[in-house]
Amino acid sequence: TSRREVANRFWGSMGLIYIFICTLAIFEIRAWTPAGREWVLWFFAVVWAADIGAYIVGKNIGGVKLCPAISPGKTWSGAVGGLAIAIITSLFLSRVFLPEQGVLEMIFLGAITCVASQIGDLLESYFKRVNAVKDSGRLIPGHGGILDRIDGVLLAAPVTFLFVPHLTKAVI
C-alpha cells in the first residue's frame with residue numbers, strides 16, 4: 001500500500017467520523033425538550049440564510065477576497081452580508097418559534113452559528129484544494145457535490161449543540 005493510499009484512507013475515515021459527529025449533533029438538538037423541532041428548524045434556517053445571504057451580497061457588492069487561496073469566489077462583503085442575514089433570520093424565527101429566548105442570546109447564537117457554517121464551508125473547500133478535487137461528487141450537477149450543500153451544516157451543528165444549552169432556556 002502506498003503512502004498516498006494510506007493518507008486517503010485516513011482522511012476518508014476522518015471525514016466519515018466528522019459527518020457522523022455532525023449528524024449526531026442534529027439528532028441531539030432534535031431531542032431537546034421542549035422545542036427540539038423548533039431548534040432544528042431555527043438551525044437549518046440560520047445556516048441556509050447565511051449561505052444565501054453571503055452569496056447574494058458577495059455577488060452584488062464584491063470586494064476584497066475572504067480567502068483567495070482556498071475559495072477565490074468568497075468575499076468579505078459576502079461574509080458580512082451572510083452574518084447580517086443569519087442574525088436577522090435568527091431573531092425572526094426566535095420570535096415566531098422560540099419566544100421565550102432572549103434577543104441578545106439569539107443575536108449571538110445566530111452569529112456564532114453563521115461563523116461556524118462559513119468556516120465549515122471554507123474547510124470543505126480547503127480539503128478539495130489540497131486533494132486537487134473540483135467537486136465533492138456528481139449527485140447534484142452544477143453544485144460541486146453534496147458536500148457543498150451541507151458543508152456549513154456539518155461544522156455548525158456541533159457548535160450549535162454546544163452553545164445553545166449554555167446560553168438559552170433550550171433544554172430543561
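Visitor: Where does Asp 121 lie?

Guide: Asp 121 is found in helix α4, residues 103–130. Helices (H or I, at least four residues) are DSSP runs, as are strands (E, at least two), and numbering goes from the N terminus. This is a predicted model, in which local features need pLDDT of at least 70 and side-chain atom pairs count only at pLDDT 80 or more, while totals for chains, interfaces and linings use all residues. Residues are numbered from 1 along each chain as its sequence is written, and side-chain values use heavy atoms, with hydrogens and water left out.

Visitor: Why is Asp 121 called buried?

Guide: Buried means under 20% relative accessible area, exposed means over 50%, and partly exposed is in between (1.4 Å probe, protein chains only). Asp 121 has 14% relative accessibility, so Asp 121 counts as buried. Beyond its neighbours within four places in sequence, Asp 121 is in contact (heavy atoms within 4.5 Å) with Asp 51, Lys 74, Asp 151 and Gly 152.

Visitor: Why does Val 153 count as buried?

Guide: Its relative accessibility is 7%, so Val 153 counts as buried. Val 153 sits in helix α5, residues 146–167. With neighbours within four places in sequence set aside, its contacts are Ile 26, Phe 43, Phe 44, Val 47 and Trp 48. Val 47 is 106 residues away along the chain, yet the two C-alpha atoms are separated by 6.5 Å.

Visitor: What makes Cys 67 partly exposed, and why is Cys 22 called buried?

Guide: Cys 67 has a relative accessible area of 23%, so Cys 67 is partly exposed. For Cys 22 the value is 1%, and therefore Cys 22 is buried. The structure holds 0 disulfides, a disulfide being a pair of cysteine sulfur atoms within 2.5 Å.

Visitor: What makes a set of residues a nonpolar core?

Guide: Its members are buried Ala, Val, Leu, Ile, Met, Phe, Trp, Tyr and Cys residues, joined through side-chain atoms within 4.5 Å. The largest such core here has 24 residues, and Trp 39, Trp 42, Phe 43, Leu 98, Met 106 and Leu 109 have the most contacts inside it. Two or more residues come from each of α1 (3–30), α2 (36–61), α3 (76–97), α4 and α5. With 7 residues, α2 gives the most to this core.

Visitor: Why does the span of α1 agree with its 28 residues?

Guide: The expected span of a helix is 1.5 Å times one less than its number of residues. For α1 that should be 40 Å, and its end C-alpha atoms are 41 Å apart, so the span agrees. In α1, Cys 22, Ala 25, Ile 26 and Ile 29 are buried.
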